[in-house]
Amino acid sequence: MTRIEVGFTGKDVFGEHIKASIRNDLGIAVQSVRTADVYVIDLPAKEARKIAEELLTDRITQSYSDAFFSDYDWLIEVGFLDGVTDNAAQATAEGIADILNKKPAVKTAKAYAIKGKVSEGK
């Protein structure tokens with residue numbers, strides 16, 4: 001299993017929206033929120049990198065890594081429970097099948113890296 005995180009290299013508009021929602025809805029002022037799409041793929045690392053480059057990443061606005069975030073205070077990852085349909089994972093597996101002629105198991109999630117002084121209580 002190989003983990004790939006895909007995120008924006010420049011401004012993360014989705015992260016800015018989440019930051020504003022945290023401030024407006026929860027009354028918590030955080031410094032920043034960055035987001036990434038997470039893929040866990042049942043492939044060797046070399047093949048997974050090929051898929052990241054050819055299928056999962058927009059080379060102009062995104063980059064990928066096995067650990068995209070380096071500076072955060074909280075990391076929240078939201079994914080699907082086993083048995084729940086993960087449409088993004090199914091589409092990714094089909095795209096991989098078109099490229100590599102095999103259809104591996106894929107799981108997806110969304111990661112949120114939050115920078116700021118936030119306690120567990122608030």
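Which residue forms a salt bridge with Glu5, and how far apart are the closest N and O atoms? The partner is Arg3, with the closest N and O atoms 2.9 Å apart. The notes below take this pair and others in turn.

1. Basis. This is a predicted model, in which local features need pLDDT of at least 70, side-chain atom pairs count only at pLDDT 80 or more, and totals for chains, interfaces and linings use all residues. Residues are numbered from 1 along each chain as its sequence is written, and side-chain values use heavy atoms, with hydrogens and water left out.

2. Salt bridges, overall. A salt bridge here is a side-chain nitrogen of Lys or Arg within 4 Å of a carboxyl oxygen of Asp or Glu. By this rule there are seven.

3. Arg3 and Glu5. Glu5 is buried, at 6% relative accessibility. Arg3 is partly exposed, at 28%. The classes are buried under 20% relative accessible area, exposed over 50% and partly exposed in between (1.4 Å probe, protein chains only).

4. Lys110 and Asp37. These side chains meet in a salt bridge at 3.0 Å, N to O. Lys110 lies in strand E5 and Asp37 in strand E2, so the pair ties together parts that are 73 residues apart in sequence. Asp37 is partly exposed, with a relative accessible area of 25%. Strands (E, at least two residues) and helices (H or I, at least four) are DSSP runs, numbered from the N terminus.

5. Asp82 and Lys107. This salt bridge has an N to O distance of 2.6 Å. Asp82 sits in the loop between E4 and H3, while Lys107 is in strand E5; the two are 25 residues apart. Asp82 is exposed at 66% relative accessible area. Lys107 is partly exposed at 42%. Elsewhere, shared partners join Arg3, Glu5 and Glu77 into one salt-bridge network.

6. Aromatic pairs. Searching the whole structure gives three aromatic pairs. One of them is Phe14 with Tyr112: it is tilted, with 6.4 Å centre to centre and 40° between the planes. Phe14 is partly exposed at 35% relative accessible area, whereas Tyr112 counts as buried at 18%. The rule: rings of Phe, Tyr and Trp (its six-membered ring) pair if their centres lie within 6.5 Å; planes under 30 degrees apart are stacked, over 60 edge-to-face and the rest tilted.

7. Phe68 and Phe69. Their ring centres are 5.4 Å apart and their planes stand at 80°, so this pair is edge-to-face. Phe68 is buried, at 17% relative accessible area. Phe69 is also buried, at 13%.

8. Largest pocket. Its volume is about 230 Å³. A pocket is an open set of points on a 1 Å grid over the protein atoms alone, where a 1.4 Å probe fits, with protein on both sides within 12 Å along at least five of seven lines; lining residues have an atom within 4 Å of a point. The volume is the space filled by probe spheres set on the points, which are joined across faces, edges and corners.

9. Pocket lining. The largest pocket is lined by 17 residues, and Phe80, Asp86, Val106, Lys107 and Thr108 lie nearest its centre. Strand E5 gives the largest share, four residues. The lining divides into eight nonpolar, five polar and four charged residues. Nonpolar means Ala, Val, Leu, Ile, Met, Phe, Trp, Tyr, Cys and Pro; charged means Asp, Glu, Lys and Arg; the others, Gly among them, are polar.
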